Amino acid sequence: MNGSDVIIIAPLIAAIATAIAILVVDIVVPGRTNAVIATALIGLGVTAVVTLTVGSMPPTTAYGGAYKLDALTTFLDLLFVAVIAMTIVFAPDYLAPRRLPVAEFATVLVFAMSGAMLISASVDLLLLFLGLELMVLPGYLLAGYHKSDSYSTEGAIKYFLLGSFSSAIFLFGLAFVWGLTGSTRVADVASVLTQVVNHTLPFSPGLAMGFAFLTTGVAFKIAAVPFHYWTPDAYQGSPTPVTGYLSVGPKVGAFALILRLFVEALGPMKAEWLPVVIVLAATTMTLGNLVALTQDNVKRMLAYSSIAHTGYMLVGLAAYAGGQPQGLEGLLFYGAAYSFMNLGAFAVIAALQKRAGVTSQLATFAGLGRKEPWLGVLMTLFLLSLTGIPPTAGFFAKAVIILAAVQAGGWVAFLAVLLVVNAAAAAFYYLRVVVYMYMRDPASDAPPLRHGRLMWGGLTAATAATILFGLFPGLLLGMISAAAGALTAAG
Amino acid sequence: MIRVIVGAILAPIFIVGLGLIGLAAGGSRSLDAYLVLSGILFAIGMFGFLARRNAISMLMSIELMLNAVNLAIVAFGSFIPKLGAGGSVIALLVMAVAAAEATVGLAIVIAIFRNRKTPLVDEYDAMRQ
Amino acid sequence: MFGFLVPVIIGLPLFGFLFTALVGRRLGKQAYIVPVGAVGIAWLIGMWVVFNALTGAEPFGEGGFATRLYSWIPAGAFHVDVGFLVDNLTACLLIVVLTIGFLVHVYSIGYMDHDPGYWRFFAYLNLFMVSMLLLVLADSFLVVFVAWELVGLSSYLLIGFWKHKPSAALAAKKAFIVNRVGDVGFALGIMAIFVDTGTLNIQESMTRLTAEGAALPIPVWVVALLVFAGAMGKSAQFPLHVWLPDAMEGPTPVSALIHAATMVNAGVYLVARTNPIFAAGGDAMVVVAAIGIFTAILAASIAMTQTDIKRVLAYSTLSQLGYMFASLGVGAFTAAIFHLMTHGFFKGLLFLGSGSVIHAVHEEQDMRRMGGLASKIPHTYRTMLIGSIAIAGIPPLAGFFSKDEILGEAFKNGFQWVWLIGIVVAVMTAFYMFRLIGLTFWGESRVDPAVEPHIHESPSVMTTPLWLLAIPSIVLGLVLSWPGPPLGTGTGLLAGWLAPVFEHGHELLGRAETPFQLFGIDGGLLLVSIVVAVLGMVTAWRLFGASLGGLRWRPDPERVRSLTARVPFLYRASLNKWWFDDLNHLIFIVVGGRVGAFAWWFDRRVVDDTVNDIAATTVDAGKNLRRVQTGRVQNYALGIALGLIVMAGSFLVLAAR
């Protein structure tokens, strides 16, 4: 370890310092929500600035090649910072009426972010695993954050038990890949696999088992079918801001892991894992959408829809493996677009649930368009973007993935067709919420709630991102193509 | 019932599969023995996770699976010379992670026990379908 | 200069939409000023652009003027610009969209006067204008698709405008979903085009798709049919037509603007725009023609028995759109656009007129409770009469020219069966339109006595647009075909304008220009067209009455009733004394009634139910699948373990490969 190493991991240090700062502030001035949030936002702002500064340096590695700083790292880190900042902003309106402390929430969330940031920069299997654990362990706690609520704890224990089960599976796979390739470094694994592909080394069954275990572990984290079972229960049970975070943060984090693992380490063998990804993508998006059609709890519906979105993103990965590097751009763009629109949708639900006891059943949304027109309009926008109606970011993200998949041809092109059909079917259940909002009478005549300035600020940001990235995707595409370029150059 | 059957099927599959792995690894004979043992341990852990209803037992099963992983890692480390140094480090990290996981897990188990007054996870099914 | 003006045409209604959406609520009854003003100015600019385009002034020339707004997807393999193309086809569409759009805006000032959602209505209308203009101006398939979805969205908002009516909400949802089905086809079509050509620019991809000896992974006829699937959804062709009649739940100006004059034409426009791939697609054209003409006769037969004034017009719209597709299918692209333009005006007029009628009799839409309104709402009556004569195909009004051109082209291009069915549809068209006029305006009043004293003509803000639409309904046919056939021997005005657009398509079809023979085949066809139109009209007069100038025929409700009552007893009715005298009546009431009833039944039970069944099956699949989620951790873990085994197995197989 030397001085330059510390500079390279500065974003990580800034993130952890932020988390600690929040704790300290809460100890010095207990119970001051505003101070906590200000600290968190300032800390995240500093983290973002540090990330950008460090990111402007030429790509480099640290800690003997285990930690890598490239365009992908910078892009994902900024995305994580944005996701966490928005989650923190949305939380107080939900947490305060339920007497849940904001400070611990923010701290745990920022710790989770540091895990995700570690994933995005790791080019070492062991570090990837550590980052993954650092990201999901706080997630278990957050899911059970409303500890006196039996749904919240039920979701948490399901998430935890299955999550650690899958972590063990992932680790088992890691042990074998490490033992049989002789290294945990992604680049070394890749070079061994190149030899395997060239038949200079045999493709031993042990290695195959190792990959199977790794794939299963990762598929669980992104909630791909049939490893998705935890998703609906954990999402429905968690406090709504946490659900928003869970549906976005760990998902994008796990996709970062996939990019580092499948594209960089397993890149030489993409022809071998392509069929697996195709099957996963097809079942994931179809099952997610079919079951979402029948849900009448909006949080649970969005949970199933998030499974479907996982499937769409996997199509991007399949397109990459099918020979179209643009598939990765599509995947990254989708991740970013999905983060903003889905967080926005959950923020609206959280805002509605400011009044304690309000459920996330469809009936809650009846007449929302009349009662709280702004929330209604924003929710409609987010749902339309999730459906993929232009000119929102969701449409553009789907378009890039579809076009890449179509160009890849073969079975991947079939995936593109399936994606189009699925997206059309998804309109049913997203639209049902809109129908409830605008065409049903309110269930109760309780007066509309006042929402905090923070909530509106966060919603404005999510809205702006959803619209701007749809109209001017160029804003993001430059960064994304650099990130994807960094990956494909390495892989 | 089906869980028990699947668990019972799983164990031999893993034993045979890992035997294959051992052969294919081509190392010394005793590495195979350790790997097979590790595979059996892992399968037992999975079986326990599937068959036990008590949350604490399931937690222990996960620990067993992680220990199986550690055994494999240490075996690789000591039998393949160039993996030696790394093996110990990875094993130590896995232990640390296992401890962290257990802490979080116990906290959650206590929280839900307070709400539901039962440690049996198959009674936690308020959310489904 | 045009590089600035063309985007402004879209920008103005966009501004109107944003402005009204943001502050409209506070403006109350003044909310209309900005949206109507914006569309008015857009109309002025648009007409200036159209004038320059059609006269071939610089920079338009022959091929049109393309301008690039910005790079939507910059660089890389998917380079997509947001750009506009104004050629003569676009110019023709701009005339229809802007003119009718503006008049409908003006009309709505009066029509929606008492509605609490005044500002919202204008915001939606502006949004629709933005999307529709974008659709006709865009020069890239991806942008067209964006606009395609946006018109669907604004149509959804407008159909469901009266959200307190459950039927309106259902109709809106149905329209959206049925359109989604077509959209899937269109999206797949765009993907196919991208695979084949690697570009999404309309002009470039057309050239590459139809280039000699081009190696296409996806055959061009498949592309054509996929694009046509999208067109079928938006233009409500069988079997995706089910949403349009229900869409009449929306306010009447919406029906006029979206579901008669503009949005439903989008499909026709799309096919015309991509005419080379259809021309190169061979049998794809026959499919288009068959579906078009089948929709035409199906809808016309249903229109004959409907009693809701707006539904008659809705089915009539379907039928006329069917004509247009039939025309496209037989390779008469110009005729299709011709009919699109004339139909846009007279159908817009008829819908706005029906709105005025509904307004006058206090939101009554059932024609059985109308009658004798001619003297009470004279402006509405006269304009609607003009519209009816126009659509019935009586010369020299607009509909005659365009319909005759379609039928004549069909016959001469070797599609005699299309011509024959088209002739039958022409009879039906004249019949149901004059049935509508007869029931509504002539004869005894059957209006609710409580409403009777309050019947009043609509304010001038509503009648003026009617008259303004009546003028093109009268003269547009003459103007656009001058000095071509059947008026002279030159090239018709419209045909001259559109020649560069359809040149490539016509070349691919290998159509030889045949001179127009007034005293030969063309004259004969012309005569037949006129005769059948008159036949249908007179039949309607005999049954439902007429009071036109000196002509006064009493309506004969008795006869209508007894005829329809005897529908099950076809044989006994044939022995009746009117078997000989009233052969026409018999055909139209007994047979026509049965056909209409059957068509109605077929439509509701078979087509509609199939659509619903597919949706239900999907939901059932979801319901079964959700049972997997049992709520128990061990079952989930079991699923994961099984998944792991499958995963391990597949990796082992892949490794062994």
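Two residues count as in contact if their C-beta atoms, placed from the backbone, lie within 7 Å. You're looking at a predicted model, where local features need pLDDT of at least 70, side-chain atom pairs count only at pLDDT 80 or more, and totals for chains, interfaces and linings use all residues. Residues are numbered from 1 along each chain as its sequence is written, while chains are lettered from A and ligands numbered from 1 in the order in which they are written.

**Exercise 1.** Work out how chain C is built.

*Solution.* Start with the DSSP runs (helices: H or I, at least four residues; strands: E, at least two; numbered from the N terminus). Chain C has four strands and 26 helices. Next, check burial: 59% of its 657 residues are buried, that is, they have 20 or more other C-beta atoms within 10 Å of their own. Finally, take the contacts in chain C with a separation of 6 or more: 78% of them join residues 24 or more positions apart.

**Exercise 2.** Describe the side of chain C that touches chain A.

*Solution.* First, count: 49 residues of chain C meet 55 of chain A. Then find the elements that each supply at least two residues, among them strand S1 (65–73) and helix H25 (583–626) of chain C. H26(C) gives the most, with 14 residues. Last, sort by type: 32 are nonpolar (Ala, Val, Leu, Ile, Met, Phe, Trp, Tyr, Cys, Pro), seven charged (Asp, Glu, Lys, Arg) and ten polar (the others, Gly among them).

**Exercise 3.** Do likewise for chain B.

*Solution.* Eleven residues of chain C contact twelve of chain B. Here H26(C) gives the most, with five residues. By type, this side of chain C has four nonpolar, four polar and three charged residues.

Key. Buried ≥ 20, exposed ≤ 12 C-beta atoms within 10 Å, placed from the backbone.
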